[in-house]
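Hi,

Here is the structure I promised to pass on. Please have a look at it first, and then read on for what turned up in it.

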Amino acid sequence: MRSPYARLKAACYTSNVSMSIVGNLSPLLFLTFRTLYGISYSLLGLLVLINFFTQLMIDLVFSFFSHKFNIPLTVRVMPLLAVLGLALYGLAPVMFPSNVYVGLVIGTVIFSAASGLAEVLISPVIAEIPADDPDREMSKLHSIYAWGVVGVVIFATLFLLIFKAESWQYLSFILLLVPLTSSILFLGAKIPQMKTPEKTAGAVRFLKNKTVWLCMLGIFLGGAAECTMAQWASGYLEAAFGIDKVLGDVFGVALFAAALGFGRTLFSKIGKHASRALLLGAIGATACYLIAALSPFAVIGLLGCAFTGFCVSMLWPGSLIIASDRFPDGGVLIFALMAAGGDLGASFGPQLVGIIADAAMANPSLLNFASTLGITGEQLGMKIGILIGALFPMIAIPVYAHFRKNDKLKEKKL
């Protein structure tokens, strides 16, 4: 018998695929925009920052003012914003022929707002649907995002190879069919009413709880550990090991995302104890970062980057599970606070690695050290950057160990 929530779940799943499109489309087109329009690397990198900043603003608004919104209506409007943003993004050369970048920014802000809303609202929608094992349902939802990244990277890479960079706008128009599908599915689905604080003071009350801040720290570190490798894997493999960009995208980003999806799918099928998955994942991710950064061999470096995806797979959804278990009455608010922590980590981590890598490449002493190792300054700079990235899962280990300790105490009492 078909579940009465099947249509709603499908709408949520396609919304998560839309998030994977929004989060990865610009980085995949960086080289195209650089070649066709002469846009600088700093401005291209700013598109990613605008994406995360917009999502963070949405997270914060919902953290304090979720009670002001009609949640079911907002959920239905959300995918339409993604459709509009992707359409304007693709129309940028037509609407702003003298300054294409302006159109790209406008499109980015709009579809990033949609992604921010999805991040805040889709998880609590899934949490409200009756399930035998809610933790596994949450993991399944987030596995869809990872598999979406795999699909987007492979599809976009093949599209640009076949139809060439000049046809990139059509890629944007094709991809907007995903949020359009999500919108159609939401229109015919009944969306449950979700808990929100009655007033802003309710949000402030949550922020006075130390456990909330610890959960936010956990997802901050998890988001940084995941997104740092996700955004730098291709560039790192290309710069540090001389791997071709197309191969770097496919074997770096896509393999990372596939491992991410596999880890989340595995937990959704057989997983138990989110806190244990968090702790083991952080330990494994630390080791993978170190292997990727310190290995002199391209194949081992690639495998280190890819397997990091499996290790970090539960750091974000696992942190959500921990927070929702500890604050069952938090509703939309607790998911919004966690989304804010995760987005902050997702923007801070990659940015820090870039800054460290640039600083290392400009340091004369390190350049001399690189020459003694038989590598270029850029290769050493990228390796140091990835090495710094290992700090995020490493610092997360005691945080997740605390969660695991508390869960063990509860299990003994039961």
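A word on naming before we start: helices (H or I, at least four residues) are DSSP runs, numbered from the N terminus. This is a predicted model, in which local features need pLDDT of at least 70 and side-chain atom pairs count only at pLDDT 80 or more, while totals for chains, interfaces and linings use all residues. Residues are numbered from 1 along each chain as its sequence is written, and side-chain values use heavy atoms, with hydrogens and water left out.

**Salt bridges**

Side chains of opposite charge can pair when their charged atoms come close. A salt bridge here is a side-chain nitrogen of Lys or Arg within 4 Å of a carboxyl oxygen of Asp or Glu. How many salt bridges does a search of the whole structure find? The search gives three.

One of them joins lysine 9 to glutamate 137, with 3.5 Å between the closest N and O atoms. This pair links distant parts of the chain, since lysine 9 sits in helix α1 (residues 6–37) and glutamate 137 in helix α6, 128 residues apart.

Another is formed by arginine 264 and glutamate 226, whose closest N and O atoms are 3.0 Å apart. Here too distant parts of the chain are linked: arginine 264 is in helix α11 and glutamate 226 in helix α10 (residues 210–241), 38 residues apart. Both arginine 264 and glutamate 226 are buried, where buried means under 20% relative accessible area, exposed over 50%, and partly exposed in between (1.4 Å probe, protein chains only).

Then there is aspartate 407 with arginine 326, where the closest N and O atoms are 3.0 Å apart. Aspartate 407 belongs to helix α18 (residues 391–413) and arginine 326 to helix α14 (residues 315–326), so this pair ties together parts that are 81 residues apart in sequence. Aspartate 407 is buried, and arginine 326 is buried as well.

**How some helices pack**

For the angles, axes are lines fitted to C-alpha atoms, for helices over the stretch in contact, and angles run from 0 to 180 degrees between N-to-C directions. Angles under 35 degrees count as roughly parallel, over 145 as roughly antiparallel, 65 to 115 as roughly perpendicular and the rest as oblique.

Helix α3 (residues 71–90) packs with α7 at an angle of about 170°, and their axes are 8 Å apart. That angle makes α3 roughly antiparallel to α7. On the α3 side the contact is made by Leu86, Ala87, Tyr89 and Gly90, and on the α7 side by Trp168, Gln169, Ser172, Phe173 and Leu175; contact means heavy atoms within 4.5 Å.

Helix α16 (residues 364–373) and helix α17 (residues 377–389) have axes that come within 8 Å and cross at roughly 105°. These two helices, α16 and α17, are therefore roughly perpendicular to each other. Gly377, Leu380 and Ile384 in α17 meet a set of α16 residues that includes Leu366, Phe369 and Leu373.

**Buried positions**

Glycine 252 lies in helix α11 (residues 245–270) and is buried, with a relative accessible area of 0%. Leaving aside neighbours within four places in sequence, glycine 252 is in contact with Ala233, Leu237 and Leu247. The C-alpha atoms of glycine 252 and alanine 306 are separated by 6.3 Å, although these residues are 54 residues apart along the chain.

Serine 182, found in helix α8 (residues 177–187), is buried at 0% relative accessible area. Not counting residues up to four places away in sequence, serine 182 touches Ala11, Thr14, Ser15 and Pro79.

Valine 125 is in helix α5 (residues 100–128) and is also buried, at 0%. Its contacts, leaving aside neighbours within four places in sequence, include Leu8, Cys12 and Val75.

**Around the end of α6**

Leucine 158 lies in helix α6 (residues 134–163) and counts as partly exposed at 46% relative accessibility. What is the phi of lysine 164 near? Phi of lysine 164 is near 70°, a positive value in a residue other than glycine. Most residues other than glycine have a negative phi. Lysine 164 sits in the loop between α6 and α7 (168–175) and is partly exposed, with a relative accessible area of 48%.

Best wishes
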